[in-house]
Amino acid sequence: MPEQDAMTNLLDRRILFVGGKGGVGKTTTAAALGVLAAERGKRCLVVSTDPAHSLGDAFDREIGDRITGITAGVWGLEIDPDAQAARHLDAVTEQMKQLAAPEMHAELERQMQMARMSPGAVEAALLEEVCRVMLEGMEDYDLVIFDTAPTGHTLRLLTLPEAMAAWTDGLLAHNRKSKELGEVLKHLTPRGSRADVPTPFDDPDEDPFEGMDRRTRRIAETLLNRRRLFHRARRRITDAETTGFVFVLTPERLPILETHRAMHALRQFDIPLCGAFVNRVLPADADGEFLRRRREQEARYLDEIPQALHGLPTRQVPMLPEDIQGLDSLRAVAAHLDRLGI
Ligand SMILES: Nc1ncnc2c1ncn2[C@@H]1O[C@H](COP(=O)(O)OP(=O)(O)O)[C@@H](O)[C@H]1O
Ligand SMILES: [Mg+2]
């Protein structure tokens with residue numbers, strides 16, 4: 001039995017993020033962790049934020065952007081970042097139209113079309129959806145596992161809730177056509193504020209919208225709710241009792257380097273790191289000259305990992321003879337994970 005460390009009782013957390021370089025086995029690991037959690041009697045939601053949507057491939061069934069039951073105790077959801085961004089901007093456009101004079105509507109549409117193509121739009125919408133699914137998921141499930149897109153994107157996503165709050169506010173501010181809304185925004189985004197600092201309106205006994213007309217009030221409420229969502233999500237993500245981030249890497253040069261880098265970035269933002277699964281380790285009984293040489297190289301990388309990851313707890317997952325697709329092979333991976341003391 002491996003020693004007690006931050007990987008022990010991994011599945012007793014409420015939220016797990018599975019991250020790592022493309023192709024190392026994130027989706028497989030996330031899905032197998034979900035299967036294992038369900039075998040232990042938990043209700044588990046596995047969420048993919050990767051536009052490549054491989055979660056359905058891993059489970060070998062259609063999932064899509066509605067929560068879909070997969071097997072007893074396991075549900076899946078594939079968030080489509082582009083569709084999410086489109087929906088998000090449609091909602092914002094609607095809000096803006098309510099505020100702007102009718103002759104401004106065409107211009108508004110044009111601005112929103114531009115926003116749709118801006119690189120930040122997809123990330124902002126995805127982040128908002130991740131935050132929402134995470135907080136709502138905690139009410140309905142024991143465990144929510146995020147199978148994240150390759151490390152770079154995930155990092156930006158997890159480390160920027162406050163910047164994203166500013167982005168959505170900024171989008172509205174940029175388009176604002178009314179003095180009142182300008183006033184509202186000024187109050188909602190105090191200079192230099194961060195989402196994890198309470199907004200001036202967090203006192204439940206005070207009506208922050210006093211004196212505003214109904215339409216301005218509705219928009220102010222939406223903005224404030226969004227800030228609160230980011231604020232609450234950030235608090236959850238950085239709470240080590242609730243949340244854990246696990247890396248998946250293979251014993252190869254680039255995945256080790258990338259994990260090393262990602263680790264530092266996530267530490268800086270107080271994201272609780274639990275450990276790493278070193279995946280596709282050659283099984284001890286694999287033989288032949290070719291495999292012997294592979295194993296020699298692998299042994300060197302396996303030696304390097306503890307230092308590269310500054311002693312972050314690790315668990316090795318063997319390479320299986322075939323690709324992992326469908327519940328049966330995921331159960332086989334889950335059985336391996338089960339023996340790792342997580
Ligand atoms: N331990 C393993 N043994 C054998 N094949 C694996 C293992 N882990 C993952 N794979 C296979 O490797 C490929 C990539 O895995 P995947 O989970 O999709 O990676 P990622 O989500 O990180 O891009 C898939 O074909 C998967 O079936
Ligand atoms: Mg994947």
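**Exercise 1.** At what angle do α1 and helix α12 (residues 327-338) pack, and how far apart are their axes?

*Solution.* Step one: α1 and α12 pack at about 75 degrees, with axes 8 Å apart. Axes are lines fitted to C-alpha atoms, for helices over the stretch in contact, and angles run from 0 to 180 degrees between N-to-C directions. Step two: α1 and α12 are therefore roughly perpendicular, the term for 65 to 115 degrees. Step three: the contact includes Leu36 of α1 and Leu337 of α12; contact puts C-beta atoms, placed from the backbone, within 7 Å.

The model is predicted: local features need pLDDT of at least 70, side-chain atom pairs count only at pLDDT 80 or more, and totals for chains, interfaces and linings use all residues. Residues are numbered from 1 along each chain as its sequence is written, while chains are lettered from A and ligands numbered from 1 in the order written.

**Exercise 2.** Is α1 largely enclosed or exposed?

*Solution.* Count first: 13 of its 14 residues are buried, so α1 is largely enclosed by the rest of the structure. Buried means 20 or more other C-beta atoms within 10 Å of the residue's own. Then look past the helix: Gly41 follows α1, and its phi is positive, near 90 degrees.

**Exercise 3.** Which strands stand at the edges of the sheet?

*Solution.* Write the order: β3-β4-β2-β5-β1-β6-β7-β8, an open sheet of 8 strands with mixed pairing. Two strands pair if DSSP finds at least two bridges between them. β3 (68-71) and β8 (314-318) stand at the edges, each with a single partner, so one side of each lacks a neighbour in the sheet. Now go inside: 5 bridges join β2 to β4, which run parallel.

Notes
A residue is buried if 20 or more other C-beta atoms lie within 10 Å of its own, exposed if 12 or fewer, and partly exposed in between; C-beta atoms are placed from the backbone. Helices (H or I, at least four residues) and strands (E, at least two) are DSSP runs, numbered from the N terminus. Angles under 35 degrees count as roughly parallel, over 145 as roughly antiparallel, 65 to 115 as roughly perpendicular and the rest as oblique. Two residues are in contact if their C-beta atoms, placed from the backbone, lie within 7 Å.
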